[in-house]
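Please open the structure in your viewer and keep the selection tool at hand.

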Amino acid sequence: MSKTSAADRLDVLGTSRRRFLASTAMGLVVLATSGVKARVLFGTGLPWDSGATDPPRQVLPGPWQFFTPREGEVVEAIVERLIPADELSVSGKDAGCAVFIDRQLAGHYGTSDRLYMKGPFQPGLPTQGDQTDLTPAKKYRLGLKALDAHCRTAMDGKGFTDLSPEQKDSLLAAMEKDEVAFDGPVGSGSFFSLVLQNTMEGFFADPIYGGNRDMVSWKMIGFPGTRYDYRDFVLKHNQKYPLPPVSIGGRSDWARKG
Amino acid sequence: MARKLPHKDVVVIGLGWTGAIIANELCDEGLDVVALERGPWRDTATDFNLGYAPDELRYNSRQELMLRPAQTAVTARNNADQTALPMRQYGSFHPGNGVGGAGVHWAGITWRFSPYDFRLRSHYTERYGAQAIPDDMTIQDWGLSYEEMEPYYDRFEYLAGVSGKAGNLNGQIQDGGNPFEGQRKREYPNPPMMQTFGPTLFAETAAKMGYKPFPIPSSLLSRTYTNPLGVTMGQCTFCGFCTNYGCANYSKASAQTTVLPVLMRKPNFELRTLCEVLKVNLDPSGKRATGVTYVDSSGDEFEQPADLVVLCAFMLDNVRLMLLSGVGTPYDVRTGKGTLGRNFCYQMANQVVGFFDPKRYNFNNFIGGGATGMAIDELNNDNFDHGPLGFLGGGSTRCAPIGAEPISKRPTPPGSPTWGSGWKRAMRDSYLSNLSVGCEASSYANRGNFLDLDPTYTDRLGRPLLRITFDFPDNDVRMSAYVTGKVAEIVRAMGAQQIVENPRTRPWSVVPYQSTHVVGGTAMGMDPSTSVVNPYLQSWDVPNLFTVGANVFPQNSGFNPTGTVGALAFRAADAIRTRYLKSPGPLVHA
């Protein structure tokens with residue numbers, strides 16, 4: 001195992017860090033004397049731990065946590081073309097999709113900590129899924145570097161951010177078809193599909209993760225978000241749902257004014 | 001060196017649906033029961049908390065509540081000539097982890113199998129002749145009858161509070177229920193769920209075409225209900241964050257919402273979480289289990305002696321633990337001999353997506369749950385004449401919008417752009433006006449499909465991973481094409497402008513999610529040369545070892561498995577209580 005901290009080991013087993021802290025603080029009966037403790041529960045009813053809930057942490061704007069400043073600019077330029085500003089919504093950049101991707105890559109998603117990353121790594125069939133040892137974080141680092149190199153040689157020394165919107169779109173379309181030769185182990189097609197997947201995750205996920213600012217995508221399509229109770233509307237067939245969306249953090253108009 | 005712990009009467013491995021049922025029943029018998037769960041404790045208030053349970057990124061995209069491959073993965077290949085490689089992330093199916101297991105994130109659809117499913121080979125032979133079953137199709141009888149299963153189906157349905165409409169009460173066909181179901185002694189414990197627009201349109205259209213639609217039997221509850229154990233559940237709110245999520249409303253049946261509030265208070269029950277069983281220990285004769293060895297989250301090893309060992313982990317792990325423990329004879333694909341790992345099957349998940357005129361249709365698919373919808377059963381199993389068709393099997397057809405969380409559920413018509421303003425317009429137009437009808441179909445055993453231990457890849461503890469060798473047999477692919485075509489006729493008649501047919505085709509891929517209905521590997525039956533456990537789920541080789549899970553299915557029916565798994569758990573518990581404890585030893589003599 002590459003990880004040694006108690007909390008990291010527990011993460012692999014599916015437990016939350018808050019739960020780990022609450023369990024140790026309560027001094028529950030334990031079997032062994034060192035390290036992280038398994039729990040023994042008997043005759044106690046349901047072992048509910050006060051304060052052990054593990055809510056998501058609100059992503060705040062601010063400096064990049066994973067991207068370099070240059071990488072961040074390029075990703076912003078990409079998500080601005082994947083989700084352009086138009087009459088339906090603000091752009092992916094203004095919705096926060098690049099911030100979302102940055103924070104995801106800085107966390108367990110970026111590092112593949114929860115995935116099976118033991119070797120040997122060998123090429124497989126498409127039916128066997130991704131068999132590379134590249135984490136999403138590494139794929140971004142290598143893919144962005146290859147994109148930059150491609151632009152410098154093929155686009156008159158310009159960087160991706162220097163291209164016109166039309167040039168960006170045609171380059172992205174060629175990447176989608178895997179027609180752009182990228183140096184290194186990350187192909188243009190797989191890099192494009194990863195960025196597109198993460199951009200859509202950011203655009204449609206709960207705003208607490210940094211994308212989908214003010215539920216812009218949910219308003220666009222008519223998804224009411226986290227309302228969690230539609231009993232009074234189940235039988236109202238083929239009618240527009242009347243209420244605006246709500247997110248885990250509520251709605252901006254719930255915030256205290258002044 | 002493992003530290004030896006004080007003896008227990010029973011050790012139960014895994015505290016999901018089956019482990020909770022077995023442990024509760026055996027505690028009622030007065031036995032000292034310890035359950036070992038490889039994952040963490042989980043409860044509604046803490047882990048499926050209303051404040052943040054509706055979170056698609058965390059629970060669906062990132063699979064927060066599911067087994068993490070870093071803990072245990074499997075390897076996969078389509079046939080024995082390929083090299084199996086690890087599923088580095090779970091895609092095709094989602095094993096559970098932690099208390100409640102996969103029963104935390106299941107959909108809640110709760111069927112009884114067709115009466116003839118339990119004697120499938122005999123049934124097909126009688127109806128179509130032995131030559132209708134292909135040589136490489138190793139389907140077999142279960143060694144028990146539907147009539148023997150009925151009381152246990154009833155117990156599971158009343159435990160879970162299933163909401164539905166009977167189709168066959170004591171032989172009398174009931175209007176509004178499934179006319180193909182086996183006889184049931186009494187109604188479901190709760191009335192059917194309300195229906196949204198999509199399933200209603202599906203049912204009206206299907207009825208006009210001569211089908212007999214009925215509400216899907218749902219373990220998301222139509223009303224507040226107190227089960228026979230005295231545990232009270234709430235009414236489903238159609239929140240739309242259901243399959244792949246824990247339920248914050250106490251309205252999806254799971255170990256947490258039906259059994260644990262009672263079981264956890266019993267003085268003769270003990271639960272140890274974050275404790276992963278390494279193997280079942282056998283005495284020198286190899287005919288008797290002496291207990292289990294497990295490792296806790298500190299990495300310390302313990303030996304837990306017990307008189308009775310019950311494997312109740314996720315079905316893949318039950319098979320793996322038997323392979324790792326040397327119980328039974330592993331299947332040899334070259335000779336067809338050996339039983340352990342044989343008859344691994346899956347589910348043919350077929351689907352038709354309809355795109356309707358957005359100006360006229362608003363389905364509000366975000367209102368729903370894993371088991372809210374309408375179904376027909378004319379296309380299932382052997383409910384139609386296969387004589388002229390050249391294949392066997394079929395599936396349950398249902399329109400059941402499970403929610404419309406938009407990272408994963410925003411289909412666009414074929415030919416739509418995948419990004420840019422054109423994509424935005426297509427997605428905006430189709431989001432509320434698309435509707436899917438699925439056909440969850442049978443998966444029949446084949447000589448070439450099996451489970452064994454991988455020769456190369458190991459888990460974090462150094463043990464071999466389970467290796468899946470599987471592809472969809474010709475029979476099942478032909479069946480899928482047929483039923484999907486029939487489903488498409490219905491969706492067209494519903495008024496869809498554009499239709500996408502997605503019948504399951506070869507090769508099986510580990511990447512896209514299909515269903516978590518992996519079954520088989522320790523088939524039950526009356527013949528030890530083709531089964532691993534007898535019809536009471538007792539090991540033929542080690543009589544004080546039982547295993548409860550979908551791993552005992554000899555093949556899969558065109559239904560979701562959990563209703564049958566729950567019934568088998570009650571049946572095994574009953575056999576232990578009323579037969580095994582009186583005279584510990586083989587319950588069936590081969």
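Begin by selecting chain B and displaying its surface. The accessible surface of this chain amounts to about 17,500 Å², and carbon and sulfur atoms hold 50% of it. Please bear in mind that the model is predicted.

Next, show chain B as a cartoon. Its secondary structure consists of twelve helices and 24 strands. The radius of gyration of chain B is 23 Å, close to the 25 Å given by the globule rule for 590 residues, so the chain is as compact as a globular protein of that length.

Now colour chain B by burial. Of its 590 residues, 70% are buried. Among contacts in chain B with a separation of 6 or more, 75% are between residues 24 or more positions apart.

Then display the charged side chains of chain B. There are 54 positive and 55 negative charges, and their mean positions lie 3 Å apart.

Finally, move to chain A and select residues 69-82, which form helix 3. At 1.5 Å a residue, its 14 residues should span 20 Å; the end C-alpha atoms are 20 Å apart, which agrees. Which residues of helix 3 of chain A are buried? They are A:E71, A:G72, A:V74, A:V75, A:A77, A:I78, A:V79, A:R81 and A:L82.

Technical notes:
Residues numbered from 1 in each chain as written. Chains lettered and ligands numbered in written order. Predicted model: local features only at pLDDT ≥ 70, side-chain atom pairs only at ≥ 80, totals over all residues. Heavy atoms only, no water. Helix = DSSP H or I, 4+ residues; strand = E, 2+ residues; numbered from the N terminus. Rg over C-alpha atoms; globule rule 2.2 N^0.38 Å. Buried < 20%, exposed > 50% of the residue type's maximum accessible area, 1.4 Å probe, protein only. Contact = heavy atoms within 4.5 Å. Areas by Shrake-Rupley, 256 points an atom, 1.4 Å probe, with all protein chains shown as cover. Lys, Arg positive; Asp, Glu negative; His and termini not counted. Charge placed at Lys NZ, Arg CZ, Asp CG, Glu CD. Expected span 1.5 Å × (residues − 1).
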